[in-house]
There are 2 protein chains.
Amino acid sequence: MAQGTADIETLIELLSKLPGLGPRSARRAVLHLVKKRKTHLSPLAEAMTTVAQTARECLNCGNIGTADICPICEDTRRENGELCVVEDVADLWAMERAAVFRGRYHVLGGTLSALDAVGPDELRIPKLIDRISSEHINEVILALSATIDGQTTAHYIADQLGDVKVTSLAQGVPVGGELDYLDDGTITAALKARRTM
Amino acid sequence: MAQGTADIETLIELLSKLPGLGPRSARRAVLHLVKKRKTHLSPLAEAMTTVAQTARECLNCGNIGTADICPICEDTRRENGELCVVEDVADLWAMERAAVFRGRYHVLGGTLSALDAVGPDELRIPKLIDRISSEHINEVILALSATIDGQTTAHYIADQLGDVKVTSLAQGVPVGGELDYLDDGTITAALKARRTM
């Protein structure tokens with residue numbers, strides 16, 4: 001494929017490996033960028049270079065930021081004794097968008113998985129246990145996926161933590177959800193955890 | 001949204017404006033990139049910077065490359081008297097992927113459109129007329145979209161070109177196409193242009 005030149009082909013190739021993009025959408029994106037070199041491509045190239053140079057994982061919680069300790073761990077107003085355990089940085093961002101949790105986070109970096117040979121030491125679980133005493137945590141909220149691996153991980157962590165109060169997110173009907181479209185498992189969970197009105 | 005830091009948010013914002021991406025897929029892409037800083041983000045940032053600095057439109061045909069004249073226009077083996085007129089660089093790339101046309105291209109940069117106030121001078125049509133004599137073209141192949149605007153543009157160009165032979169791509173059933181899923185217009189065109197076997 002004599003598409004423009006080697007430089008442009010390299011860019012298409014690298015973009016096409018992003019999750020959610022393929023060769024066709026990468027070509028479309030590159031054509032768009034080349035047409036908007038001044039207003040879009042140059043700022044994007046600069047932003048990428050900056051992030052490539054500065055991004056790192058928070059040594060405390062595993063969140064992504066540009067310093068050794070992330071803004072959430074630095075913020076003393078968030079030192080309220082609550083620690084929310086999530087699988088991935090994407091989940092931390094999702095919690096932050098909901099803007100309802102005011103404590104701190106701990107990013108595991110995955111779930112325990114026998115198939116993928118992921119054990120407790122791969123998952124920042126020792127660091128979690130350290131933090132519970134060093135940061136005077138009195139409630140650990142397990143915000144893990146409602147999958148087999150997520151729930152296995154939740155039970156393992158709850159076993160390890162000993163005295164501290166451990167809670168998990170409620171399961172039930174999502175806001176805006178129609179019963180007709182929900183799976184049997186969700187309906188069963190919602191019925192079991194029914195509330196008095 | 002306290003998502004990491006300002007640098008990362010800027011990168012998400014810029015990526016989310018690419019065609020085919022939105023805020024959610026941009027966040028996913030950035031998380032992936034930050035995790036693969038060394039192997040994916042740095043090369044991508046470099047490729048973008050290079051393209052931002054070097055990409056330009058070919059002064060002759062409008063293709064995108066890194067020199068004033070693109071490799072196809074430079075290639076004397078492609079000087080076979082055939083000139084393929086396309087709307088956009090994406091169409092040129094699609095023709096090159098098919099690897100069946102061995103002549104040169106002319107990228108219009110769009111179609112005539114009364115609604116969007118696009119006239120012949122916005123479309124590199126004067127340059128096309130120049131090239132027909134200066135490059136000794138004996139066949140102009142109009143590879144324009146089978147839309148109203150594309151066909152209007154094709155008829156306008158055919159009128160302007162005078163003596164040179166002007167052809168257009170055949171219309172009919174696409175390879176692998178099932179009649180059941182084709183629109184009436186395509187079936188009509190395919191029937192009108194039926195061939196003796």
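Author: In this predicted model, chain A is divided into domain 1, residues 6–54, and domain 2, residues 64–168. The C-alpha centres of domain 1 of chain A and domain 2 of chain A lie 33 Å apart. According to an unreviewed UniProt entry, residues 58–73 of chain A carry the annotation "zinc finger region: C4-type". The end C-alpha atoms of this span, residues 58–73 of chain A, are 8 Å apart, and the span is 19% helix and 12% strand.

The buried residues of H6(A) are Ile125(A), Leu128(A), Arg131(A) and Ile132(A). Viewed along the axis of H6(A), these buried residues fall within an arc of 110°, and therefore they line one face of the helix. Ser133(A) and Ser134(A), on the other side of H6(A), are exposed. As for the partners of the helix, the buried residues of H6(A) pack against several elements of chain A: helix H4 (71–74), strand S3 (82–86), strand S4 (104–107), strand S5 and helix H7 (148–161).

The loop comes next. Glu135(A) is situated in the loop of chain A between helix H6 (125–134) and strand S5 (139–142). With a relative accessible area of 13%, which is under the 20% limit, Glu135(A) counts as buried. Its side chain takes part in two kinds of pairing that can be described in turn. One polar contact, of 2.7 Å, links the side chain of Glu135(A) to that of Arg131(A), a residue listed among the buried ones of H6(A). Another polar contact, of 3.3 Å, is made between the side chains of Glu135(A) and Arg104(A). When residues up to four places away in sequence are not counted, Glu135(A) touches Asn60(A) and Arg104(A). Just after H6(A), His136(A) adopts a positive phi of about 50°.

A separate feature may be noted in chain B. Two aromatic pairs are counted over all chains. Phe101(B) and Tyr105(B) form an edge-to-face aromatic pair, with 5.2 Å from centre to centre and 65° between the planes. Phe101(B) and Tyr105(B) are both buried.

Definitions and conventions. Residues are numbered from 1 along each chain as its sequence is written. Chains are lettered from A and ligands numbered from 1 in the order in which they are written. This is a predicted model: local features need pLDDT of at least 70, side-chain atom pairs count only at pLDDT 80 or more; totals for chains, interfaces and linings use all residues. Side-chain values use heavy atoms; hydrogens and water are left out. Rings of Phe, Tyr and Trp (its six-membered ring) pair if their centres lie within 6.5 Å; planes under 30 degrees apart count as stacked, over 60 as edge-to-face and the rest as tilted. Buried means under 20% relative accessible area, exposed over 50%, partly exposed in between (1.4 Å probe, protein chains only). Helices (H or I, at least four residues) and strands (E, at least two) are DSSP runs, numbered from the N terminus. A polar contact is a pair of N or O atoms within 3.5 Å; within protein, one must be able to donate a hydrogen and the other to accept it, and residues adjacent in sequence count only if both atoms are side-chain atoms. Contact means heavy atoms within 4.5 Å. The arc is that of the directions from the helix axis to the C-beta atoms. UniProt positions are given in the numbering used here, feature names are shortened, and annotations may be inferred rather than shown by experiment. Domain bounds come from an automatic or database domain assignment.
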